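Thanks for asking me to look this one over. Could you open the model alongside my notes and follow the points in order?

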Amino acid sequence: MATTRSTRRKANKTAAQVVVVGSFNQDHVWQTARFPQPGETRLGRFSTGPGGKGFNQAVSAARQGAATLFVAAIGRDPLGDAAMALAKSERIDGRWQVVAGEPTGTAAILLDAQAQNMIVVAPGANAVLSPAQIEAQRADLEAAQVLLTQHEVHPAASLRAQSIARAAGVLCIHNPAPPLDGGGDALISGADVLTPNETEFAALIAARDGDSVDADALLALDDDALHALCRRLPTTTVVLTLGARGVFVSHADPAARNDSAAHYRLPAEDVRAVDTTGAGDAFNGGLAAWLALHPQRPFREAVQYANRVAGLAVESHGAALAVPRADEVRKRFG
Ligand code: ADP
């Protein structure tokens, strides 16, 4: 049983530039000097805040100034009510499927003194986001510039969004996170731009070719070898995020993205990392927003902007709420 609520503005509605189809999770975060071993108890500090890859990415896109629509499923519970209120306060146009009998998604995050994280996610309502809820947003999807999807909601919903967007010529970015058994093939081949981190990339190559690729070994590859590996995936542009090592971009056809090089790297920004939770989400939202706002500019500029957004995000604790706004990005990097 699901009902639909909307925070849609009625008059003079701005058409959404970025549509994010994805998860909302309430993050519960414990900071501790080092991770406990199985069976061990450690003391730590607790905090809670909004998260979920979809929501984090929607906040990131909205904070960069793109009119952002977010399609998601939540439980009929206080965490779901808080999600709707928060989206409104971030100027995100939320299209909520409110699911009776499933809780709003939650995540348990452990953080150690080295800013590493360990995470368990309970998807709850996210797992039943329906194609019907997507279909109800068809007109907005068709009018958007960019669609952004991930792997934290029911794949049938993401696939429906991608097929509507593709048919309308909307740029489809797919963030293949977290890794899926079998790789999530249809979403990967349907995307224009794929944004894995090194672990997700290794899982995709393994799922596709049966090769076991070690994520650490990827870091040792030279650019030509990494480009060749990216080209084994069906997506025309692969943006491989490499944490503190920055980003690697691989195009099948650079001219189609207004770039001159088929592959290149950008180093990470020089920042003081305190919490890398949600770095990839900040990056994806920043990338989607830039591409939506500047569709004719070189793709490299979008990657540079996303790298800056993500770099600033890791300087603060939290996921969604750690994402900088466009004016903060400008102030820091010009
Ligand atoms: P995920 O959060 O999905 O694991 P990554 O760890 O690859 O993704 O980080 C995504 C992006 O965030 C990087 O490509 C980079 O732009 C930025 N980033 C992450 N860690 C750092 C860091 N320590 N210093 C600067 N930028 C970082």
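My notes follow as numbered points, after a word on conventions.

This is a predicted model, in which local features need pLDDT of at least 70 and side-chain atom pairs count only at pLDDT 80 or more, whereas totals for chains, interfaces and linings use all residues. Residues are numbered from 1 along each chain as its sequence is written, and side-chain values use heavy atoms, with hydrogens and water left out.

1. Let me begin with the ligand. It has 17 residues around it, and Asn197, Thr241, Gly243, Gly280 and Asn307 come nearest (a residue is near a molecule or strand if one of its heavy atoms lies within 4 Å of it). Please check the side-chain pairs here. For Asn307, a polar side-chain atom lies 2.6 Å from an oxygen atom of the ligand. The side chain of Thr241 has an N or O atom 2.8 Å from an oxygen atom of the ligand, and for Asn197 the corresponding distance is 2.9 Å.

2. Next, have a look at Ala268, in the loop between E14 and helix H10 (279-293); helices (H or I, at least four residues) and strands (E, at least two) are DSSP runs, numbered from the N terminus. Ala268 touches Gly243, Ala244, Arg245, Gly246 and Asn307, leaving aside residues up to four places away in sequence; contact means heavy atoms within 4.5 Å. Gly243 and Asn307 are also among the residues that come nearest to the ligand. Ala268 counts as partly exposed because its relative accessibility is 27%; on this scale buried means under 20% relative accessible area, exposed over 50%, and partly exposed in between (1.4 Å probe, protein chains only). Between Ala268 and Leu221 there are 47 residues in sequence and 18 Å in space, C-alpha to C-alpha.

3. How do helices H11 and H12 cross? The axes of H11 (residues 299-313) and H12 (residues 326-333) come within 10 Å and cross at roughly 95°, which means that H11 is roughly perpendicular to H12. Axes are lines fitted to C-alpha atoms, for helices over the stretch in contact, and angles run from 0 to 180 degrees between N-to-C directions. Angles under 35 degrees count as roughly parallel, over 145 as roughly antiparallel, 65 to 115 as roughly perpendicular and the rest as oblique.

4. On the residues in that contact: Tyr305, Arg308, Val309 and Leu312 from H11 meet Ala326, Glu328, Val329, Arg332 and Phe333 from H12. By class, the H11 contact with H12 has 6 nonpolar, no polar and 3 charged residues. The classes take Ala, Val, Leu, Ile, Met, Phe, Trp, Tyr, Cys and Pro as nonpolar, Asp, Glu, Lys and Arg as charged, and the others, Gly among them, as polar.

5. Is helix H1 enclosed or open? In H1 (residues 53-63), 11 of the 11 residues are buried, so the helix is largely enclosed by the rest of the structure. H1 is followed by Gly65, which has a positive phi near 100°.

6. Asp140 deserves a glance. This residue sits in helix H4 (residues 138-143) and is buried, with a relative accessible area of 12%. Its side chain and that of Arg95 are joined by a polar contact of 3.1 Å. A polar contact is a pair of N or O atoms within 3.5 Å; within protein, one must be able to donate a hydrogen and the other to accept it, and residues adjacent in sequence count only if both atoms are side-chain atoms.

7. A few backbone details are worth checking by eye. Ala177 and Pro178 are joined by a cis peptide bond, with omega about -5°, and Pro178 is in the loop between strand E10 (171-174) and helix H6 (185-190). Arg91 has a positive phi near 60° although it is not a glycine; Arg91 lies in the loop between helix H2 (78-89) and strand E6 (92-99) and is exposed, at 72% relative accessibility. Asn258, also a residue other than glycine, has a positive phi near 60°. Its place is the loop between strand E13 (247-251) and strand E14 (263-266).

8. Finally, Val121 in strand E8 (residues 117-122) is partly exposed, at 36% relative accessibility. Val121 touches Asn25, Thr106, Ala107 and Glu152, not counting residues up to four places away in sequence.
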